[in-house]
Amino acid sequence: MCLPALHLLAAHGPLQLAGKGWARSLFSAYDWPVIPLGGFWAGWRALRAAAPAPALLFTNSLGSALQVRLAGLAASGYATEARAALLARALPLPAAWAGTLHTVEYYLALAAAHLGVQAEVPARLSLRLPAQALERAHATRVAAGAGAHYVVLCPAAVGRHRGQVKAWSGFGALARDLKARGHTVLACPGPGETAAVRAATPAAIVLPEVDVATFAALLQGSRLVVANDSGAGHVAAAVDAPLVSVFGVTDPTKTRPWGPRARLVGSAQGWPS
């Protein structure tokens, strides 16, 4: 959901990213070097070793502001979690954030304020993928015996929301129904999710775990993606795949997948039938 903000920043000068290790794969089609951050002190050491540069924090936490401050970086960011004193420039939250402002708009407003420019919110996220990821996706699919026309189900969802499981229980029945109607049904687990995905969708062809760029390429080539409110759904929207996003316990107002090809079913009040 930061992607439009990153595109805006990159349009105004060189951009270097620091974050989760998988960001290097996700943004491998861009000329954005990625500093992988592990735990707090490992991340601090990595940031200390980087060339000094102005920093912009998309995270809202006090800990991330402390980390960059200790690393000697002058950081801008939203004045959340009482961290204003740690930031070189503490930016006020957009007034619309108290209402229905989406997280894509929230991040883009931050980048625009940092640069002192105006920015128009795009209708699509438009994540670019490298040719190598498309080739790996093709090879993975062919090795599993799947043709070019397929549906991808993403039944996993990490964590809980207010104690409730974020994963819809209907993926198994959906996979069986799609298969009975003649569709090729694939499921591609994230790291460590293979057993859970097999259990949730026994009728699907479960692919091996792949890097996130290859995963994105598999979603991009699909006829349809069905996903929980999860990272997989956001990746599907980012590559403009046709998507059904299933909600049941979380509020889609601020964190629904962004794009014209995403359709929502369910709500924070309950799962769809």
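1. Let's start with two helices, α3 (residues 40–49) and α4 (residues 62–70), whose axes come within 8 Å and cross at roughly 40°. That angle makes α3 oblique to α4; angles under 35 degrees count as roughly parallel, over 145 as roughly antiparallel, 65 to 115 as roughly perpendicular and the rest as oblique. The axes are lines fitted to C-alpha atoms, for helices over the stretch in contact, with angles running from 0 to 180 degrees between N-to-C directions. Helices (H or I, at least four residues) and strands (E, at least two) are DSSP runs, numbered from the N terminus.

2. A word on the source: this is a predicted model, where local features need pLDDT of at least 70 and side-chain atom pairs count only at pLDDT 80 or more, while totals for chains, interfaces and linings use all residues. Residues are numbered from 1 along each chain as its sequence is written, and side-chain values use heavy atoms, with hydrogens and water left out.

3. On the α3 side, the contact (heavy atoms within 4.5 Å) is made by Phe40, Trp41, Gly43, Trp44, Leu47 and Arg48. From α4 come Gly63, Leu66, Gln67, Val68 and Leu70. Sorted by class, the contact has 7 nonpolar, 3 polar and 1 charged residues; Ala, Val, Leu, Ile, Met, Phe, Trp, Tyr, Cys and Pro count as nonpolar, Asp, Glu, Lys and Arg as charged, and the others, Gly among them, as polar.

4. Next, have a look at an open sheet of 3 strands, in the order β3-β4-β5 with parallel pairing. Two strands pair if DSSP finds at least two bridges between them. At the edges are β3 (55–57) and β5 (89–91), each pairing on one side only. On average, neighbouring strands in this sheet are turned by 20° against each other, direction ignored. Strand β3 is joined to β4 (residues 75–78) by 3 bridges, and leucine 57 stands opposite glycine 77 in β4.

5. Leaving aside neighbours within four places in sequence, serine 222 is in contact with Tyr150, Val152, Ala241 and Pro242. Serine 222 and valine 151 are 71 residues apart in sequence, yet 5.6 Å apart in space, C-alpha to C-alpha.

6. Finally, find serine 230 in the loop between β11 (224–228) and α10 (231–238). Serine 230 also counts as buried, at 12% relative accessibility. Not counting residues up to four places away in sequence, serine 230 touches Ala156 and Ala157.

Notes
Buried < 20%, exposed > 50% of the residue type's maximum accessible area, 1.4 Å probe, protein only.
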